[in-house]
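Q: How do I read helix packing and a strand sheet in a model like this one? Please take me through one case of each.

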Amino acid sequence: MDIIVGTAGHIDHGKTALVKVITGVDADRLPEEKLRGITIDLGFAELDLGEVKIGFVDVPGHEKFVKNMLAGASGIDVVLLVIAADEGVMPQTREHFEICRLLGVKHGLIVLTKSDLVDEEFLDLVNLDVIELVEGSFLEKAPVVSVSSKSGAGIEYLKSVLSDVILKIPVRTSEIVTRLPIDRVFTVKGFGAVVTGTLATGNIEIGEELDLLPLGKKVRVRGIQTHGSDVRIANAGQRTAVNLSGIEHTDITRGMILAESDTLRLTQIFDAEIEVLKDSKRPLKTRQRVRIHIGTIETFARVQILNDSGEIASGETDLAQFRLEDRICVVPNERFIVRQYSPQITIAGGKVLIGDAPKHQKKVLENTRKYLIGLIDSDSKESKVKLILDNAGESGSNFPRLQAQTGWQKNVLESALAENVEKKSVIGAYNYYVARTPFERLKDKIIREIEIHHLSEPLSRGMLRETLREKTSSHIPSEIFKTALISLKDSGAVLIEQDTVRLSKHSQELSGDEDLVRENLRRIYKTSGLNVPTLETALVDSVIETKVSAAQARKIFQLFVNSGELIKVTEEFYFTREEIAVLLINLKKYADHNTSDRLIGVAEFKDLAGVSRKYAIPLLEYFDAQKKTRRAGDKRLIL
């Protein structure tokens, strides 16, 4: 079992000395730390207790280095809250304790160091301070152990108590994709870039390709170490050193993460549930600029409080959106700390509800709150993914976006989607998914738009598919629109004919005058043979003695074209299907009688068709386009 234990406490309360006497390792590695006698940056040590392997993260206690402390605190399983017996609870003790609580640390114990410097009576007073500090928190019933790092008194007992606490911790399981927040970067001669961190979720294997974010660069794992030993694979919860190929160590900084390839996306907006500390002197307000500490990164953000008052009072918990100045990666339930921009003090903490979030508008605040509260209260992944898709509306979402929003491993997300699809609460639309309610809403919009078209264009064969999409769903993926059309067709609501869509119940009924125009047009073209009038002439002649306008007559004429009864040769000339068919038969007979060359000139074609040149040329060009003839000099080859 691998566990990460972190120290927390005020400066000079003996955190580093305690780690050294427990592990034999001096976690202060920087020359300046040795010179000044204080911890400035994160220190690391290891301890093997047989059943348990512990990675210690020693954090700085000075208020100036709280951001370094936060980089180490984000990955710990157990906290050692260190309080010097000769000083008791101090400002950084309180801040470190609150940070651990806000970060969701659930296990720990309290260590009273320098106990050899005070008498029993003073030690009892310190104990009372400690009880008051941790009352009602995860440390309320935690063991309190008095030790002296100088004499070694109580150290073995502390190890025993620590082991007992650790063995009660459930085995870490995670359905989140691999993520290693980087807290240290260096280079090893002959090996190149090495990064270290606490492997938050997933596992890393030698030879694996990972994403280095937010740099957006692919890197390959050359080697892995945990607890000072080379291993082939590192698992969640382990302090891990990863040797990377394909990048220089100077390109990597603390705050970056190694992530499973092609799974997470960068975001500058995320929604969260926020708790403002009781000791905070002011409420957290909309538009307030704050410092966000998440994983090992520090970034700046503007706050958007998601309630009517625009603020969260001290000691209260509510919803907020953070709009960041940098692009980072977050996953749901990831804990973070909010610090005041200036002076730098911890004022709140929270957990991510959804990353890659849209900017919320005040007019839909009630819906936004309902959605986010639903995510908090949701007790299954199946219901969570349905909520996300409900909120996505008719646009739905594809698998990569859903994985980036949830952070779930591929098989976990696939299972959640499959359960929803089976229950028909989510519709699969090729490589997209859309919730049932917005999908049905889209179908209703499509039907309404076709109805409007039929009312305005009663003689139209139907609505062009692309026009229909532009009017109902130009903003949504074509895959979802196509799936909605297929669903409407399968239910019998619409008929799809080539590139047009119409309601199944729609019929092209004509009034008495319109019917007369249709018969006039049919008579004009049937009696004209191949010597047809121009379209404009035919339309004018067809409406004589009727109340039908030329525009209406053109729509009636289009019925003949749609049905194939009339064939368009040019914009001016249309011919009946029968006349074109007869002319093609005559062309074939002509070719059969001229087997030597199968050629026909314009003059011969005029005689064959019984038409003038004004018809012969357009007809020949039409036959060329239909590949019935092919131009050969000034003649045509009959194909």
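Predicted model: local features only at pLDDT ≥ 70, side-chain atom pairs only at ≥ 80, totals over all residues.

Q: At what angle do H17 and H18 pack, and how far apart are their axes?
A: Helix H17 covers residues 577-593 and helix H18 covers residues 602-609; they pack at an angle of about 125°, and their axes are 10 Å apart.

Q: What does that make the pair: parallel, perpendicular, antiparallel or oblique?
A: Angles over 145 degrees count as roughly antiparallel and 65 to 115 as roughly perpendicular, with the rest between them oblique. H17 and H18 are therefore oblique to each other. Their crossing is right-handed.

Q: Which residues of H17 and H18 make the contact?
A: H17 contributes Leu583, Asn586, Leu587 and Tyr590, while Glu604, Phe605, Leu608 and Ala609 come from H18. By class, six residues of this contact are nonpolar, one is polar and one is charged.

Q: Now the sheet: in what order do the three strands lie?
A: The order is S25-S27-S26, in an open sheet with antiparallel pairing.

Q: Which are the edge strands?
A: An edge strand pairs on one side only, and here these are S25 (397-398) and S26 (426-429).

Q: How many bridges join S25 and S27?
A: Two bridges join S25 to S27 (residues 432-435), in the antiparallel sense. Tyr433 in S27 is the bridge partner of Ser397.

Q: Which strands does helix H13 touch?
A: Helix H13 (residues 478-490) packs on the sheet and touches S26 and S27. The direction of H13 makes about 110° with that of S26.

Notes:
Residues numbered from 1 in each chain as written. Heavy atoms only, no water. Axes fitted to C-alpha atoms, helices over the stretch in contact; angles between N-to-C directions. Helix = DSSP H or I, 4+ residues; strand = E, 2+ residues; numbered from the N terminus. Parallel < 35°, antiparallel > 145°, perpendicular 65-115°, else oblique. Left-handed = near helix turned anticlockwise from the far one by under 90°. Contact = heavy atoms within 4.5 Å. Nonpolar A, V, L, I, M, F, W, Y, C, P; charged D, E, K, R; others polar. Pairing = 2+ DSSP bridges.
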